[in-house]
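Subject: Structure handover

Hello,

Here is the structure I promised you. Please open it next to this email and follow along.

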Amino acid sequence: MKLFKIYILLFFYTSLSLAQDQASYAGSFLRMGSSARSMAMGSAFTAEIDEGFAAYNNPASMIFLEKRQVGFNHHFLPLDRRFTATNFSMPLPPTASLGDVYKRQAWVSAGVDKIDGRNSAGEHTQYLSTSEDALMISFAQQILPWISAGLNVKVLKHQLPMNTMDVAGKGVGMDFGVFIRTKAGSNLAFMVQDLNSRYHWKTNKIFEKGKEYIEQFPTLYRVGTTFNYNQFYVTADGGMMMNGNERIGYTLRIGAEYPYLDNYYFRAGLGNRRMSVGVGIDWSFLKENDARLDYAFVFENPAGLAHVFTYAFSF
C-alpha cells in the first residue's frame, strides 16, 4: 500500500509537469471531458466503457455495451461558460462476417455567454454569445470476441458573435479507436482523436477584403488501460498532442473508483490540469438498476470550480 501511495504521488507531480495549455488550440471543447463519472476519474477513460457516453472517449468501446443507452450531461462552469451533451447508443443487426455492430448519435455544445459587446466608440451595444457544436455519428465493429474498432464522424460548427452579424466556421472531423478486453478482466485501448478535424472560415461578409481560412484541430494519440487494485477500480491513460508535424504536449491521467453496497460509488482523479472527486448511484427507473446518476466536483487552475451532472439509463 505504501508503494502504491508513492506511485500516486509520482504520477501527480509528473502529470502537472506534462500538462499543457490545450485550450488555445481549435476544438478545445471536445477535449474538456464528457460525463461526470469520467471527469471525476481524471477523464482517463480511453480504455473504459462509460455508460451513456462510451463513444466520446473511444468509439470502439460501444461494442461491449449490453443495451441501448441514453445519456444527458451538463457542466456548470465558471466564467459564464457552458457545456452540454446528449447521447443515444443502440446495437445494429449483426453482420455475417464480423459480428456485432453498434451505432451512436450525440450532440455536444459549449460556449460563453454575457460577452460585453461595444462599438468603435467604446459604448455598450449588447451582450453576445459564442458557441461551438459537434454532431457526432459513431460506429463500432466487433472484429473478434475480445477486440473491436470504432469510428466517430463529427460535423462541426463554431459561431463567433459580432455586433451586426455572426460569422461561423464549419467543418468535419473523425476519431478512431481500438478496444481490447483481456481474459484477466482489464481493458487495453488506443485512440486517435480529431483526425483531420478542422474549421473552414469565410470572412468576406464582415471584412471588405475577406478570405477563406482553415483552422486545423490538433490530433491526440492516446493509449489507456483499466485494472482492479484491491477494492479499487483504476483507469489510466497517456497520450501525445500533435499540431501537424509539431509535438505540442503530452497528457497523463489517472482515476479510481470505490464501490459501496453495490449501488454507490466514490471517485477521484487527476488529469488535464484538473483535480476532481465525485459520487455516483445506480438506481431503478423502469427496471432494476437501469439508470445511473453521477456528480463530479472539478478544480481547474486557473478557471476555478466546476460541477458536472450526468444522468444515463439503459433499456
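Val70 sits in strand S1 (residues 69–76). Helices (H or I, at least four residues) and strands (E, at least two) are DSSP runs, numbered from the N terminus. This is a predicted model, in which local features need pLDDT of at least 70 and side-chain atom pairs count only at pLDDT 80 or more, while totals for chains, interfaces and linings use all residues. Residues are numbered from 1 along each chain as its sequence is written, and side-chain values use heavy atoms, with hydrogens and water left out.

Is Val70 buried or exposed? Val70 counts as buried because its relative accessible area is 12%. The cut-offs are these: buried means under 20% relative accessible area, exposed over 50%, and partly exposed in between (1.4 Å probe, protein chains only). Not counting residues up to four places away in sequence, Val70 touches Asn87, Phe88, Tyr311, Ala312, Phe313 and Phe315. Contact here means heavy atoms within 4.5 Å. Val70 and Ala291 are 221 residues apart in sequence, yet 9.5 Å apart in space, C-alpha to C-alpha.

Now take Phe88, one of those contacts of Val70. Phe88 belongs to strand S2. Phe88 is partly exposed because its relative accessibility is 26%. Its contacts, leaving aside neighbours within four places in sequence, are Gln69, Val70, Lys103, Arg104, Gln105 and Phe315. From Phe88 to Ser314 is 226 residues in sequence and 9.7 Å in space, C-alpha to C-alpha.

Gly111 is in strand S3. At 11% relative accessibility, Gly111 is buried. Beyond neighbours within four places in sequence, Gly111 is in contact with Asp80, Arg81, Arg82, Thr130 and Ser131. Gly111 and Phe83 lie 28 residues apart in sequence and 6.8 Å apart in space, C-alpha to C-alpha.

Trp201 is in strand S8. Why does Trp201 count as buried? Because its relative accessibility is 7%. Trp201 touches His158, Leu160, Val167, Ala168, Gly169, Lys211, Glu212, Tyr213 and Glu215, not counting residues up to four places away in sequence. Lys170 is 31 residues from Trp201 in sequence and 6.8 Å from it in space, C-alpha to C-alpha.

Next, the core. A nonpolar core is a set of buried Ala, Val, Leu, Ile, Met, Phe, Trp, Tyr and Cys residues joined through side-chain atoms within 4.5 Å. In soluble globular proteins, nonpolar side chains tend to be buried together. The largest core here has 26 residues. Which of them touch the most other members? They are Phe29, Leu30, Phe83, Val108 and Ala296. Elements that give two or more residues to this core include helix H2 (36–40), strand S2 (81–95), strand S3 (99–118) and strand S8 (198–202). A second, separate core has 12 residues, including Ile49, Ala54, Ala140 and Phe179. Back to Phe29: leaving aside neighbours within four places in sequence, its contacts include Tyr56, Phe83, Val108 and Tyr199.

Two loop residues deserve a look. Asp262 lies in the loop between S12 and strand S13 (264–271). Its phi is near 70°, a positive value in a residue other than glycine. Asp262 is exposed, with a relative accessible area of 67%. Arg273 is in the loop between S13 and strand S14 (274–283). Arg273 is not a glycine either, but has a positive phi of about 65°. Arg273 is partly exposed, at 35% relative accessible area.

Last, the whole protein. How many helices and strands are there in the protein? There are three helices and 16 strands. Of the 315 residues, 47% count as buried. Among contacts between residues at least 6 apart in sequence, 53% join residues at least 24 apart. The accessible surface comes to about 16200 Å², and 61% of this belongs to carbon and sulfur atoms. Accessible areas come from the Shrake-Rupley method with a 1.4 Å probe; for residues, only the protein chains shown count as cover.

Best wishes
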